[in-house]
Amino acid sequence: MDLSTTYMGLKLKNPIVPSASPLSQSVDTVKALEDAGAAAIVCYSLFEEQINHESGELDHYLTYHADSYAEALNYFPEPEEFRLTPIQYLDHIANLKKSVSIPVIGSLNGVSTGGWVKYAQNIEQAGADALELNVYYIPADPKVSGTEIENMYVDVVKEIKKTVKIPVAVKLSPFFTSMSNMAERLDEAGADALVLFNRFYQPDFDLEKLEVVPNLVLSTNWEMRLPLRWIAILYGQLKANLALTSGVHNHTDVIKATMAGADVSMMCSELLTGGVKRVSEILKSLEQWMTENEYDSIKMMKGSMSQKAVAEPAAFERANYMKMLNSYKMLW
Amino acid sequence: MDRRKITIDGNEAAAHVAYRVSEVIAIYPITPSSTMGELSDAWAAKQLKNIWGTVPTVSELQSEGGASGAVHGALQTGALTTTFTASQGLFLMIPNMYKIAGELTPAVFHVSARSIAAAALSIFGDHSDVMSTRQTGFGLICSNSVQEVMDTAAIVHRATLESRIPFVHFFDGFRTSAEVMKMEELSDDDIRAMVDDEKVKEFKKRALNPENPFIRGTAQNPDVYFQGRETVNKFYNACPEIVQNAMDKFASITGRQYHLFDYYGAADATRIIVMMGSGAEAAQETVDYLTKTTGEKVGVLKVRLYRPFSVKHLLAAIPKTVEKIAVLDRTKEPGSLGEPLYLDMVTAISESMADGTAPFTKMPKIVGGRYGLSSKEFTPAMVKAVLDNLKNDSPKNHFTVGINDDVTFTSLDYDPAFMVEGDEVVRCLFYGLGADGTVGANKNSIKIIGEETPNYAQGYFVYDSKKSGSTTISHLRFGPNPIHSTYLVQTAKFVGCHTFGLLEKFDVLDNIVNGGTFLLNSPFSKDETWDKLPNRVQQQIIDKKLNFYVIDGYAVAGKTGMGGRVNTIMQTCFFAISGILPKDEAIEQIKKSIKKTYGSKGEEIVKKNFLAVDQTLENLHQIDYSSLKVGAIQIPPIVSAKAPEYVKNVLSQMMEGKGDFVKVSEMPIDGTFPSATTQWEKRNIALEVPAWDSEVCIQCGKCAMVCPHASIRIKAYDKSLVSGAPATFKHMDAKGKEFPENSAYTIQVAVEDCTGCELCVEVCPAKNKKETRLKALNMVPQIPIREQERANWDFFLSLPEMDRRLINTSVIKAQQLQQPLFEFSGACSGCGETPYVKLVSQLFGDRLIVANATGCSSIYGGNLPTTPWSKNNEGRGPAWSNSLFEDNAEFGFGMRLSVDKQNQFAKELVVKLQDQIGQDLVDAILNANQKDEAGIYEQRERVATMKQKLEGVKSIDAEKLLEVADYLVKKSVWIMGGDGWAYDIGYGGLDHVIAQGKNVNILVLDTEVYSNTGGQMSKSTSFGAVAKFAAGGKATAKKDLAMMAMSYGNVYVAKVAMGANDVQTLRAFLEAEAYDGPSLIIAYSHCIAHGINMGKGMENQKAAVDSGHWPLFRYNPDNFAKGENPLKLDSKPPKIKLEDYIYKETRYNMLTKSHPKEAKELLALGQAEVLKKWKFYEQMAGMKVGANDEEVKS
């Protein structure tokens, strides 16, 4: 059985790639993921805010109240050097590269074209095989138009592509007016892959304290419908590879993603709840299903249910919605 | 050899050498010497090696007594060992100093000499501490400048090995220890060349060693002890020559020649000063001026080696023409014939005259005087006054100089206008806030000037006595010649005022020269600024024809991401205006220094500073005021006209920075000051203050409880009283059964006393239902409401306090109606300690006696000019005192013994005088129940009645009873201090006191670090916390003081954290006081030394409890009698991970950035410790303890 796939030029032994998550914070866990069969690993994200603010925050608290009072001109010993989070991140990438043989994909999370983008180059120098760019932006300002936001995404990708030679994937939110157009623009800007879609952590309300609170909810597999649709639509229209992320929990999800046209299926929630062993379990089930259904390889099924490959291309468009509503009524 | 020129302070100069010639360094923090230990620890952490290629072992002890014991032990077993200390710390070393000297053990103690606590503590410099060690057998050698500190350190470390005499090497605290000066650094090769390895070998041979055993430290009897003491004489006789040889050897290496006594002045001088320390530099400068300008035959003899005192070398150094000698001592010995150096000089000269060895034709006239106590300025004008005094036929003896002694008239008059500094010296003054980084920038500037130009440079920095809103004044000098001006800048060519508001607080242009340059950081535009200036400042600018520059540094800082720190911006302005360096070179050097200062913390902070530099010059403007007029803005009075006379006449001078003019007659004779004086010092330091929204308020009282400065108060009062209120005064109906019917309720903020910390806003649980970002308290700008709120505050104060008997103290909303009798302290904004202190003052203030350990709480509680312990409308309030750091438990214990004794005596007298007092009253007094406010009130009434009855009784017993009658009313004795005291230096005493069973209440304000001296590790510091002396994270667990105290079984113990459970805190304080025995409350106190947002301090407290790091509990031995387990856990099992608490704080999270691997390991250890401790407490609290349990009983 040939489970291999190619993602941004990286030859992968199968399509299962753990996405950016705390799992990659430990070298031992990544080794275990490799042992369980993961084809590559996307490292947890380094955030633009960390790059831009950590240094200032550290300086603020280390020097706060310094040189104010004769008996205490400062309050902390100062080491010669701090290994700030971005530096430690690079160390971690280098360590991962030393410790595992599967490709290691660095992840940068940011939105502007500021100085932080140079960390793309640093991540490359640390040995990462590729970079995933997670552009995470909540367009809360009513003065900022959709075009401006789209341009911002494209500019960031162009900027990063200028600085690195390793392939760059772009992880996107689903909230674009014209996803196809956006995908094409990013493709033209040089993105080597599109990762669909980012799950935003939606805040919740604490009614007791009347406060907005962060609330992490893990994915369920119905959530893969949205990326499934868009991968099916985009498959074959772009130079860039496609990765499906959000809601991949079992082998059938991987199969669907692949059939829609995804080069890889990214997983997180399932691994957080079910543990690292879920990779090997899913791979086993995948192989079994493929055997039972007479598929020789992943390549064979890739894109087989994409929009251009299915009998009813309109099923992925608005008609699909109407049809679903009709069937819904019939059920009742 | 071309040596490196560096710009460092005296502490670093001493540590530079001491570290390199030591194998063991035993330390303990004390101002102003702490820096030496901190540097040694930091160097060891960086693996810096000594001259023998090994990293010295640096170890912090629990006290200076402990440090000296460790030094003694290390020396006895053959390790070259040093320590650093000052003041009371040196005192604690004296017993070991006798031992070390008695055993002829080479060692050097480096001491930044400091005042000792007498009528008052002072952290500043004089020789009182050092002079108290004269008798120990240690040699005493003095350095007068930063260069000399490094040089003498090298000399004395050589001399001690050869002479076997241990030495105290001392230099003036602050003036030399903290002065930043350009100097030539001794290389490791230089230091290596100064150490004689043969002598090191001999030292090691004498060490205790089981391979070659002997005993040292025997007990001797009358037959031989005396003879034994005399054996050392020959070593002391030989010592001066050995020291001189070391000085000569040093000269051969560096070219700088020192002598045991160095004379400077006219070769044929008739009048000379003899002195030690930094003042000798000012004397040299003055002598130089007088000999060159007026040809006066004067000189100064600098004493370097003071012990052993060499008359031979002294006589060789003094010109034979000398007729009159003024000996200056920087110490005071009340009751003595004179101060030590004076007495030594008199003895030396008179003995040598008697035996014919003196070079003088007749006995010189010798007078002695005191100067410079507690860093009192010693200026050329004072030097001249001393020399002029010698012109008299009968010069004043036993004089003082630098003060106005209008009581015993010891002081010499001097002309403050007399100055000797030439125009070639550029002198600058900078006024700033601690928070704006002014001092740091000036330290960098002086380094740039010192190290990048041929100029000599000096920087000295004066700080505030308050910890919040503190101001700083930087004194900078530079010029082509060595600088000997060891006093503050008297006239400045450049004055920078980095905070506009300081124009009202200080007369910043008083000292600027005509035509000088004035740089102002103004929040107003260049066109608006002039009109916003106080008219005094405008007039000074015009009269002195100043070059006036303005920049809105805050705007530039805001635009460049620098927040409120204007340091880099103002530094750039200074270089641009002063033209010390060409513009481009100056900017390059500033950027270089930014890189050096901030580089370790990441590139972004460096970039922000660079950006600030680049944007500065375009925002700097020179103001043309030629057509502008003087306006009408007046400087407000320092204190209100309503203030008491003492505040208006004396304390206000100190508030204004003119305390040097306070006369001797104006000072209390025994250190006694009036209570309640902070209320008169309206500091107006908060930019924003809380405003009360009565529509939203639920009257919970939490805001007042957490307020560290008692600047948010609550009153419930009869509604009818509202009628006279100012229009903007807010009130609402009081809600709840805790308040009398028909009461109005007001929460009032003292906006002029508030520090703007926001703790009250953070804890306020009431949210505006229409807009949830708003609460019942919301921060608003202070200036627009200052006037109205001043009137509202005055009206609020005029409202009656609630009758204490009617207040339910077990409920916070009611308890907070109790008047705080600890208010407006100088503690840090958002302080985590003061809410507890204030709570004690509210609950028990009218009968409270406080013993306060030295530390933060003694500083914010007792540092002049104004003090926060106050009194109520009946004139009652806390009686407060601070003895020392190490003895506080015993100090408070003594208070309890005293109170109990006098109570007992009073009761005995009451019985004796029952006929005069009346049986009913006697019975009522003797059997009074004083467990609550009503009981105490009634007892006070009885005692008042009794006093009236005794007024007419003429008997000794009646008189005696009147003396002690007040002790019939319950007194609450509280012993307070920080963890440095309770866990470390004072632990032995604390342990003894709680074991005695007496009714004392001990409050440990636990910040888990030595906060007052700048964040050194204590035994309360936890696993993984970074502190000074624990740069790699503390590797051992926090000491469980509570468990140790509980082991006695009869001690009430509580662990509290107000931010986690304020009700439990209140309960613990009430129970502790009610318990008739020793009580110990350990209170989690968030602190500036934790590296946190102080406004969120209560959140951190909660996280500490939620993580299990700080379990809440009360252990009440009274519960035994009820058949209950005395231990009650008041918090739930850990519900968040330890890391979710500790990584909120820089003290922990910085380790993940400096030592990531160790951080992980220590986190795991810390987490395991928390869980283990919790289980242990849980088991203990779950144990069955029954009154009927025979096993327990037995």
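Predicted model: local features only at pLDDT ≥ 70, side-chain atom pairs only at ≥ 80, totals over all residues.
Biologist: Why are H1(B) and H6(B) called roughly parallel?

Modeller: The axes of helix H1 (residues 10-20) and helix H6 (residues 146-163) of chain B cross at roughly 25°. Angles under 35 degrees count as roughly parallel, and H1(B) and H6(B) are therefore described that way. Their axes come within 8 Å, and H1(B) passes H6(B) in a right-handed crossing.

Biologist: What makes H20(B) and H21(B) roughly antiparallel?

Modeller: Helix H20 (residues 567-578) and helix H21 (residues 583-598) of chain B have axes that cross at roughly 150°. The cut-off for roughly antiparallel is over 145 degrees, so the term applies to H20(B) and H21(B). The axes come within 10 Å, and this crossing is right-handed.

Biologist: Which residues of H20(B) and H21(B) meet?

Modeller: From H20(B) they are B:Thr568, B:Gln571, B:Thr572, B:Phe575 and B:Ala576, and from H21(B) they are B:Lys583, B:Ala586, B:Ile590 and B:Ile594. By class, five are nonpolar, three polar and one charged.

Biologist: How many residues does the contact take from chain A and from chain B?

Modeller: Chain A gives 31 residues and chain B gives 40 residues. On the side of chain A that touches chain B, the largest share is eight residues from helix H2 (residues 48-63) of chain A. The residues of that side divide into 16 nonpolar, seven polar and eight charged.

Biologist: Why are H2(A) and H22(B) called roughly perpendicular?

Modeller: H2(A) and helix H22 (residues 603-616) of chain B pack at about 80°. The range for roughly perpendicular is 65 to 115 degrees, and H2(A) and H22(B) therefore get that name. The contact is made by A:Asn52, A:Ser55, A:Gly56 and A:Asp59 on H2(A), with B:Glu603, B:Glu604, B:Ile605 and B:Lys608 on H22(B). One of these residues counts as nonpolar, three as polar and four as charged. The two axes are 7 Å apart.

Biologist: Why do E25 and E26 of chain B stand at the edges?

Modeller: The order of that open, antiparallel sheet is E25-E27-E26 in chain B. Strand E25 (712-718) and strand E26 (732-733) of chain B each have a single partner strand, so one side of each has no neighbour in the sheet.

Biologist: How do you know that E25(B) and E27(B) pair?

Modeller: Two strands pair if there are at least two bridges between them. E25(B) and E27(B) have seven bridges, in the antiparallel sense, and B:Arg713 stands opposite B:Gln748 in E27(B). Two bridges join E26(B) to strand E27 (residues 743-749) of chain B, where B:Asp733 stands opposite B:Ala744.

Biologist: What makes E25(B) mostly covered?

Modeller: Six of the seven residues of E25(B) are buried. Helix H26 (residues 786-798) of chain B lies across E25 and E27 of chain B, at about 135° to E27(B).

Biologist: What is the order of the open sheet of eight strands in chain B?

Modeller: The order is E30-E29-E31-E32-E34-E33-E35-E36 in chain B, with mixed pairing. Strand E30 (879-881) and strand E36 (1127-1129) of chain B are the edge strands, as each pairs on one side only. The twist from one strand to the next averages 15°. Helix H30 (residues 888-912) of chain B packs on the sheet and touches strand E29 (848-852), strand E31 (972-978) and E32 of chain B. The direction of H30(B) makes about 175° with that of E31(B).

Biologist: How many bridges join E32 to E34 of chain B?

Modeller: Six bridges join strand E32 (residues 1001-1006) to strand E34 (residues 1079-1084) of chain B, and the two run parallel. B:Leu1003 has B:Ile1081 in E34(B) as its bridge partner.

Biologist: Why is B:Met654 called partly exposed?

Modeller: B:Met654 has 18 other C-beta atoms within 10 Å. Buried needs 20 or more and exposed needs 12 or fewer, so B:Met654 is partly exposed. B:Met654 lies in helix H23 (residues 645-655) of chain B. Neighbours within four places in sequence aside, B:Met654 is in contact with B:Gly659, B:Val662, B:Leu864 and B:Pro865. The C-alpha atoms of B:Met654 and B:Thr866 are separated by 8.9 Å, and these residues are 212 residues apart along the chain.

Definitions and conventions: Residues numbered from 1 in each chain as written. Chains lettered and ligands numbered in written order. Helix = DSSP H or I, 4+ residues; strand = E, 2+ residues; numbered from the N terminus. Contact = placed C-beta atoms within 7 Å. Axes fitted to C-alpha atoms, helices over the stretch in contact; angles between N-to-C directions. Left-handed = near helix turned anticlockwise from the far one by under 90°. Nonpolar A, V, L, I, M, F, W, Y, C, P; charged D, E, K, R; others polar.
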